[in-house]
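Here are my notes from a pass through the model, roughly in the order I'd go through it with you. Have a look at the coordinates first, then read on.

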Amino acid sequence: MKIYILTDLEGASCVVREEQTVFGSKEYEEACLLLTRDVNAAIEGAIDGGAEEIVVNDLHGARRGFNLALGELHEGAKYIIGGPRHRRITVLDESFDLAFMMGYHAMAGTQGAILDHTMSSRAVVNVYINDLRVGEIGIDASILGCFNVPVALITGCRKAVEEARSLLGNIEGVSVKEGFGRNFALCLPPARSRILIREAAKRAVERAKMGDFKPFKVNSPITVKVEYSHPNYADALSNVPSVERADARTIIIRSSDLLDAMRRLAWY
Ligand SMILES: [Zn+2]
């Protein structure tokens, strides 16, 4: 059993504020440690369940590839570290059996979700793949689906877990916090989150052996529509070949191939 772990920071245990997710503060360093320990719990659970090979891809923010606490990395996995990158979701291929999304967050505009956004809090209002409104959970699941890799586990706030289950079915999920607002939550202590994450990761691997999870497949032809917060963002893409302008703030990319469409947005 070979597992691909995608990590983001906004959905880590006890992370609720923007300051915790931006490089250069004490709060950020602590958030990286909290994320790393959540990931370590998932690695331990996956190994308990029989995982043989695990790759972790750190995907958060501008410092993509530099958000994990390096001294704390679990010995049972390999890590994609560094950037800038030619590809956001690299090393992924059909040899992986399943994926975990750790520290993920709900799509932009989700009420009661902690740090909800889609790719950029400032720039992106809505993303649609073939008219289905998606956030990063849906975008990344669709990319994994191109390689027949199903998502088996998500961790994040309650709204992120609900979003993943409504899109991907009855996957394993650990809700590490429940938002009252965007930056205000009832949180599990990290030590408790880790116990639940370890158990859920073990169950995820065991259920995967029974074929419980299905890859998220998007039918061709593919249309990806991105509605930005301001025309400037759409203007900046107006000279990119095969990017259509739908209105002042909205662009559309059409392709027969989802990976090709995502690559043009630098999301794959
Ligand atoms: Zn994110």
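1. **Ground rules.** Buried means under 20% relative accessible area, exposed means over 50%, and partly exposed is whatever falls in between (1.4 Å probe, protein chains only). This is a predicted model, with local features needing pLDDT of at least 70 and side-chain atom pairs counted only at pLDDT 80 or more, while totals for chains, interfaces and linings use all residues. Residues are numbered from 1 along each chain as its sequence is written, and side-chain values use heavy atoms, with hydrogens and water left out.

2. **I197.** Buried or exposed: which is I197? I197 counts as buried because its relative accessible area is 0%. You'll find I197 in helix 4, residues 190-209. (Helices here are DSSP runs of H or I with at least four residues, strands are E runs of at least two, and both are numbered from the N terminus.) Leaving aside residues up to four places away in sequence, I197 touches D38, A41, A42, M102, T155, V174 and V176, where a contact means heavy atoms within 4.5 Å. As for E27, I197 is 170 residues from it in sequence and 23 Å from it in space, C-alpha to C-alpha.

3. **Overall build.** The protein has six helices and twelve strands. Its radius of gyration is 18 Å, close to the 18 Å that the globule rule gives for 268 residues, so the protein is as compact as a globular protein of that length. (That radius is taken over C-alpha atoms, and the rule is 2.2 Å times the number of residues to the power 0.38.) The C-alpha trace spans about 50 × 40 × 30 Å along its principal axes.

4. Of the 268 residues, 53% count as buried. Among contacts with a separation of 6 or more, 68% are between residues 24 or more positions apart. The protein exposes about 11600 Å², and carbon and sulfur atoms supply 50% of that. The areas come from the Shrake-Rupley method with a 1.4 Å probe; for residues, only the protein chains shown count as cover.

5. **Zinc site.** Which residues hold the zinc ion? The protein donors are D8 (OD), H105 (NE2) and E136 (OE), at 1.8 to 2.1 Å from the ion. In sequence the donor residues are spaced D-x96-H-x30-E. Donors are N, O and S atoms within 2.8 Å of the metal (3.2 Å for Na, K and Ca), and since water is not among the atoms, sites may look incomplete.

6. **Helix 2.** Ten of the eleven residues of helix 2 are buried, so this helix is largely enclosed by the rest of the structure. The buried set includes E136, D140 and G145. After helix 2 comes N148, with a positive phi near 60°.

7. **Salt bridges.** Side chains of opposite charge can pair when their charged atoms come close. With a salt bridge taken as a side-chain nitrogen of Lys or Arg within 4 Å of a carboxyl oxygen of Asp or Glu, the count comes to 19. D140 and R88 make one of them, at 2.9 Å, N to O. This pair joins distant parts of the chain, with D140 in helix 2 and R88 in the loop between strand 3 (78-80) and strand 4, 52 residues apart. Both D140 and R88 are buried.

8. E206 and K202 form a salt bridge with their closest N and O atoms 3.2 Å apart. Both lie in helix 4, four residues apart, about one turn of the helix. E206 is partly exposed, at 32% relative accessible area, and K202 is also partly exposed, at 32%. E172, R203, R207 and D212 are linked in a network of salt bridges.

9. C32 counts as buried because its relative accessibility is 5%. For C157, the nearest cysteine sulfur is that of C187, 9.9 Å away. C157 is buried too, with a relative accessible area of 1%.

Note on methods: A disulfide is a pair of cysteine sulfur atoms within 2.5 Å.
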